[in-house]
Amino acid sequence: MYIIIIGCGRLGLQLSKALMAVGHEVTAIERDPTRYKAASHTLGTVAIEGDGTSMKTLSLAGANRADLVVALTGSDESNLAVCQIAKYGYNAPRTMALVKSPPHEALFRLLEVDTVINSTHLILTTIEEEVPKWPLIHLLNLKTHSMDIVAMPIPPDASVIGENVNDIDLPPNSFISLVVKNDGPVIPREDTILEVDDEVIVVTVPSEEQILYEKLTGVE
Amino acid sequence: MTSASIGLTDAFWALSEDDSKNTMAAQIAKHIFNIPNVLCLINDHEKLQVFQKLDLELISTTTTISENILSSIGSTS
C-alpha cells in the first residue's frame, strides 16, 4: 500500500518506520523544520517538509494515488482538514486521524473520517485494564452501531451469582454474549448459571453501562 | 463554543487566519449546534473546491478581490 503520514512527531516517526519495515511505501510530511530534520535523518527521502493541510504539499506527496492517509499532527483541526482534503480533493479511499480532545471524536466520525484514534481514550483503556477490580473493561467499540463490547468480572458477593444467565434482567440493548468460566469460555445457553470467578463479555451501548454494572455487581 | 452560548446563535462566522481552524469550527457550528447561517473563510484558495464539496458557505479573500477587480475592469472597458 502507499501510505501518507502527516505529522512526524514520535508517533508519526515510529509508525513510518514500522510500516516501511513490513514493505509499505510511505511518505511522511512534517511542517516544523526541526522535526523535519530529525525525520529525514531517520527516514531519508521518505520525509518531506511542508504543510500537510496544503494542496501543494499533498500533490507533491502524490496524494491522488495514496491508499491511506494518516493525520497525526498535534492539532485536531489540522488532522480533520488533512482527512477531508485527502478524501474530497484526492479521493483517498481511506483516512485515519488522531484526535486529542475526546469531544471531537464524534465530530470526526460524523464527518466520515474512516478511523478515529482517540489517544485519551486509548490511554484510559490501558489504565482500566491495569487497575485491579476495575468493573467494566472496554474491549472494543463498534463505531458503526455505537456499541461497546465490555468485559466484566462478577464479584463474589454479587446477587446474580447462582442465577441463570437468561433470567438476569438486563437493559434492553445489552446482551451477555460469552461467559468465561475457570475451565474456559461458554456461549450462554438455557442452563448456563453464573458462578463465583466468572467473567462475562457483554455487548452494550454507552448509555446502559451504568445500569449494566449495577445489575451485574449489585449486592441485594 | 458552549461557553459562548452558541445554542442561541443565529449566525456563526469563522474568519481566522487558520483555514483548518475555520473549517473545523464551521463544521462544529453547522453539524453539532445546527446553526443555520455559517460562514467560513478560506485563506488558501486552492482548498476552495474541496470544502465546497462539504456543503459549507465559503468566502475567500483572493477570489473576492480578484472577482471585484475583474468586474471593475469589465465595467470600464
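**Helix pair across the chains**

I looked up how α4(A) and α1(B) pack: the angle is about 85° and the axes are 8 Å apart. The axes are lines fitted to C-alpha atoms, for helices over the stretch in contact, and angles run from 0 to 180 degrees between N-to-C directions. The two helices are therefore roughly perpendicular to each other; angles under 35 degrees count as roughly parallel, over 145 as roughly antiparallel, 65 to 115 as roughly perpendicular and the rest as oblique.

I noted that the model is predicted: local features need pLDDT of at least 70, side-chain atom pairs count only at pLDDT 80 or more, and totals for chains, interfaces and linings use all residues. Residues are numbered from 1 along each chain as its sequence is written, and chains are lettered from A and ligands numbered from 1 in the order in which they are written.

I listed the residues that meet: Glu77(A), Ser78(A), Leu80(A) and Ala81(A) from α4(A), and Asp19(B), Ser20(B), Lys21(B), Thr23(B) and Met24(B) from α1(B). Contact requires C-beta atoms, placed from the backbone, within 7 Å. By class I get 3 nonpolar, 3 polar and 3 charged. Ala, Val, Leu, Ile, Met, Phe, Trp, Tyr, Cys and Pro count as nonpolar, Asp, Glu, Lys and Arg as charged, and the others, Gly among them, as polar.

**Whole interface**

I find 15 residues of chain B in contact with 15 residues of chain A. Helix α1 (residues 19–32) gives the most to the chain B side, with 9 residues. Helices (H or I, at least four residues) and strands (E, at least two) are DSSP runs, numbered from the N terminus. The chain B side holds 5 nonpolar, 4 polar and 6 charged residues.

**Sheet of chain A**

I traced an open sheet of 6 parallel-paired strands in the order β3-β2-β1-β4-β5-β6; pairing needs at least two DSSP bridges between two strands. β3 (47–49) and β6 (115–118) of chain A each have a single partner strand, so one side of each lacks a neighbour in the sheet. Neighbouring strands are turned by 20° against each other on average, direction ignored.

β2 (residues 25–30) and β3 of chain A pair over 3 bridges. Ala28(A) stands opposite Ala47(A).

**Helices on the sheet**

I found α4 (residues 76–90) of chain A lying across β1, β4 and β5 of chain A, at about 175° to β5(A). Helix α6 (residues 119–130) of chain A touches β5 and β6 of chain A, at about 60° to β6(A).

Terms used
Two residues are in contact if their C-beta atoms, placed from the backbone, lie within 7 Å.
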